[in-house]
Amino acid sequence: MNPRSLLAAIAALGLLMLTGCVGVPLGDPAVSKADSRYCGVFEWRDAHVNRAVIRAWDQRTYVVDVLTGDFNDDGTTRPRSRSVFKAWLTEVEGRTFMTLQPIELVGVLNGDDRHPMYLIARLTLDGQTLTAAPIDPDFKKLKDITTSKELERTIAANVNDPKLYANNPIAATRWTPDQMKNLEKLQETFREYK
């Protein structure tokens, strides 16, 4: 995954900061349950305009399509990057976490030497605002984790420790029904980034 696409995606749900990657997933997508409250288009702005299009893939998982661009003078969006993820939810100590796996690393093929990586963020949904606080992979207690169960235990034991999370969570606003009318046109401008 190119660093710019990864950065855009990470910015997307704590979404997240380039260092927000861990080598094992949190939870198991085979037993997760997709919650429709997290479906929609969520937008936030930093140096760019970012939109995370979150759709249920099936009853357990999501596809998250992160579109990052800049505004043209006429108000349209000029694409910068696009990242697509498989995602699922996991509850830990009453908090909701989303694990995102870059789509190009899902089901790596024989001979593919890339190691799996996952972006993990604690989610809070308050009205139309989705806040994502990414897990900081430099958190000392995460250093020797090798299994999903170990990761879950470590997060559970440290869920209230602010050092577990990277700085600057992302606060994204859900698109209104009127804005949703422009989604197809927006996605068309990013078609070459598929």
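**Figure 1. Salt bridges across the predicted model.** Searching the whole structure turns up 8 salt bridges. Please keep in mind that this is a predicted model.

**Figure 2. Asp70 and Arg80 form a salt bridge.** In this close-up, the closest N and O atoms of Asp70 and Arg80 are 3.0 Å apart. Asp70 sits in strand β4 (residues 62-71) and Arg80 in strand β5 (residues 77-92), so the pair ties together parts that are 10 residues apart in sequence. Are the two partners buried or exposed? Asp70 counts as buried because its relative accessibility is 13%, and the cut-off for buried is under 20%. Arg80, with a relative accessible area of 28%, is partly exposed.

**Figure 3. Asp178 pairs with Lys181 in a salt bridge.** Here the N to O distance between the two side chains is 3.3 Å. Asp178 is exposed, and Lys181 is exposed as well. For both residues, that label stands for a relative accessible area over 50%.

**Figure 4. Glu188 and Arg191 meet through their side chains.** The salt bridge between Glu188 and Arg191 spans 3.1 Å from N to O. Glu188 has a relative accessibility of 47%, so this residue counts as partly exposed. Arg191 is also partly exposed, at 35% relative accessibility.

**Figure 5. The largest pocket and the residues around its centre.** If you are thinking about volumes, the largest pocket holds about 270 Å³ of space. Its lining is made up of 13 residues. Which of them lie nearest the centre? They are Arg51, Gly75, Thr77, Asn182 and Leu186.

**Figure 6. Secondary structure and residue classes in the pocket lining.** Both β2 (40-45) and α4 (183-189) supply at least two residues each to the lining of the largest pocket. Which element gives the most to this lining? That is α4, with 3 residues. Sorted by class, the lining of the largest pocket has 6 polar, 4 charged and 3 nonpolar residues.

Terms used: Residues are numbered from 1 along each chain as its sequence is written. This is a predicted model: local features need pLDDT of at least 70, side-chain atom pairs count only at pLDDT 80 or more; totals for chains, interfaces and linings use all residues. Side-chain values use heavy atoms; hydrogens and water are left out. On a 1 Å grid over the protein atoms alone, a cavity is a set of points where a 1.4 Å probe fits but cannot get out, and a pocket is an open set with protein on both sides within 12 Å along at least five of seven lines; lining residues have an atom within 4 Å of a point. Grid points are joined across faces, edges and corners, and a volume is the space filled by probe spheres set on the points. Helices (H or I, at least four residues) and strands (E, at least two) are DSSP runs, numbered from the N terminus. Ala, Val, Leu, Ile, Met, Phe, Trp, Tyr, Cys and Pro count as nonpolar, Asp, Glu, Lys and Arg as charged, and the others, Gly among them, as polar. A salt bridge is a side-chain nitrogen of Lys or Arg within 4 Å of a carboxyl oxygen of Asp or Glu. Buried means under 20% relative accessible area, exposed over 50%, partly exposed in between (1.4 Å probe, protein chains only).
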